[in-house]
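Student: Please walk me through this one. I have not looked at it before.
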Amino acid sequence: MAQGAAMAIPLTCALLPRQEFPGALESTRRLQWRIRERKFSQKALRAPITMLIELKPPPYSLNSLEPYMSHETLECHWGKHHKGYVENLNRQILGTELDGLNLDDIIIMSYNKGDLLPAFNNAAQIWNHEFFWESMKPGGARKPAGDLLELIERDFGSYERFVNEFKSAASTQFGSGWAWLAYKANRLDVGNAVNPCPSEEDKKLVVVKSPNAVNPLVWDYTPLLAIDVWEHAYYLDYENRRADYISIFMDHLVSWEVVSSRLEMAKAQAAEREREEMMRKIEEEEQILMDSENVEMYLDSENEDSVVD
Ligand SMILES: [Fe+2]
């Protein structure tokens with residue numbers, strides 16, 4: 001057990017104020033620049049931008065997760081709840097500065113360092129549900145393999161310990177919310193949210209739970225797997241037996257292939273960010289060196305002048 005079994009981290013403290021933005025998506029500066037650019041275009045056209053957020057369907061038919069998740073549940077969950085979030089968000093952002101941004105950017109902007117703006121819940125719930133549908137597949141579950149399994153064993157001690165921790169996080173989330181497996185490769189200086197455990201090492205898998213619509217993106221974590229523990233996700237099939245629903249999800253519904261491919265993307269993204277950060281530091285050091293050389297040249301020319309005088 002290299003790192004020991006990590007404890008589930010409640011995301012509730014994400015509602016505290018904090019540092020700079022989650023680089024998993026994009027730098028704040030770049031995002032702000034894009035908003036300014038879009039505002040300029042909007043003004044030039046003298047018309048509101050209306051890029052509607054779409055209702056994305058699950059990547060399988062609504063009855064294909066049966067008997068574990070019924071057609072009736074998916075019809076209601078996707079066809080009413082998910083659809084409702086999409087319709088509400090499109091109404092909320094119409095003509096605002098969020099209009100025309102992609103979903104990830106809307107989430108980050110409206111998370112507003114934990115002081116949620118009205119669009120956050122609908123935007124995050126759309127993202128979360130798309131992610132949830134894609135986390136499952138007909139004939140899913142069994143056990144992960146390859147790099148994913150290796151990292152799970154490294155960071156949780158064993159696959160069984162990870163499952164227990166994930167189930168515990170999902171079953172103990174008070175009220176509505178989500179449980180996640182996420183890749184934590186964020187820098188400590190992330191500015192959109194509280195980093196819950198700033199002393200933890202980066203580049204590891206963690207299990208976290210979150211209230212309502214909050215997802216780990218706002219912490220600069222990269223989500224790999226999610227389970228929806230709002231009652232609307234399981235009540236029609238399991239009534240109030242949330243634990244049964246969670247066990248069925250882990251045993252029969254998870255698409256580990258999708259989770260593995262998300263991990264590979266997360267690792268590649270983390271490596272790219274490290275490279276960018278290293279290049280930025282080198283450029284800054286070079287600039288400091290050039291500035292100091294200019295000062296020395298200036299002082300030297302002053303001395304020469306004084307000699308001439
Ligand atoms: Fe849901």
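Tutor: Let us begin with a term: helices (H or I, at least four residues) and strands (E, at least two) are DSSP runs, numbered from the N terminus. This is a predicted model, in which local features need pLDDT of at least 70 and side-chain atom pairs count only at pLDDT 80 or more, while totals for chains, interfaces and linings use all residues. Residues are numbered from 1 along each chain as its sequence is written, and side-chain values use heavy atoms, with hydrogens and water left out.

Student: How many helices and strands does the protein have?
Tutor: There are 9 helices and 4 strands, and from the N terminus on the elements run β-α-α-α-α-α-α-β-β-β-α-α-α. Of the 309 residues in the protein, 46% are buried, where buried means under 20% relative accessible area, exposed means over 50%, and partly exposed lies in between (1.4 Å probe, protein chains only).

Student: And what share of the contacts comes from residues 24 or more positions apart?
Tutor: Among contacts (heavy atoms within 4.5 Å) with a separation of 6 or more, residues 24 or more positions apart account for 80%.

Student: Where does Leu148 lie, and what else is it in contact with?
Tutor: Leu148 lies in helix H5 and is buried, with a relative accessible area of 2%. Leaving aside neighbours within four places in sequence, Leu148 is in contact with Leu205, Trp256, Val259, Ser260 and Leu263.

Student: Which other residues of H5 are buried?
Tutor: Besides Leu148, the buried residues of H5 (residues 146-156) are Leu149, Leu151, Ile152, Asp155 and Phe156. Seen down the axis of H5, the buried residues fall within an arc of 165°, so they line one face of the helix; the arc is that of the directions from the helix axis to the C-beta atoms. Just after H5, Gly157 takes a positive phi of about 100°.

Student: Which residues other than glycine have a positive phi?
Tutor: Arg142 is one of them, with a phi of about 70°; Arg142 is found in the loop between H4 and H5 and is exposed, with a relative accessible area of 75%. Glu239 is another, with phi near 50°, and Glu239 lies in the loop between helix H7 (235-238) and H8, where it counts as partly exposed at 46% relative accessibility.

Student: Switching to peptide bonds, what is there to see between Glu66 and Pro67?
Tutor: The peptide bond from Glu66 to Pro67 is cis, with omega near 5°, and Pro67 is found in the loop between helix H1 (28-45) and helix H2 (71-93).

Student: Now the aromatics: how many pairs are there in the whole structure?
Tutor: A search finds 15 aromatic pairs, counting rings of Phe, Tyr and Trp (its six-membered ring) whose centres lie within 6.5 Å, with planes under 30 degrees apart called stacked, over 60 edge-to-face and the rest tilted. One of them is the tilted pair of Phe162 and Phe166, at 5.9 Å centre to centre and 50° between the planes. Ring pairs also link Trp127, Phe131, Phe132, Trp133, Trp178, Trp180 and Phe249 into a cluster.

Student: How are Phe162 and Phe166 separated in their helix?
Tutor: Phe162 and Phe166 are 4 residues apart in helix H6 (residues 159-172), so about one helical turn separates them. Phe162 counts as buried at 0% relative accessibility, and Phe166 counts as buried at 0% as well.

Student: Which residues of H8 does H6 meet?
Tutor: Phe162, Val163, Phe166, Lys167, Ala170 and Ser171 in H6 meet Arg242, Ile246, Ser247, Phe249 and Met250 in H8.

Student: And where does Ser110 sit, buried or exposed?
Tutor: Ser110 has its place in helix H3 and counts as buried at 0% relative accessibility. Not counting residues up to four places away in sequence, Ser110 touches Asp115, Leu116, Leu117, Ala119 and Phe120.

Student: Which residues of H3 and H4 meet?
Tutor: Leu103, Asp104, Ile106, Ile107, Ser110 and Tyr111 in H3 meet Ala119, Phe120, Ala123, Ala124, Ile126 and Trp127 in H4.
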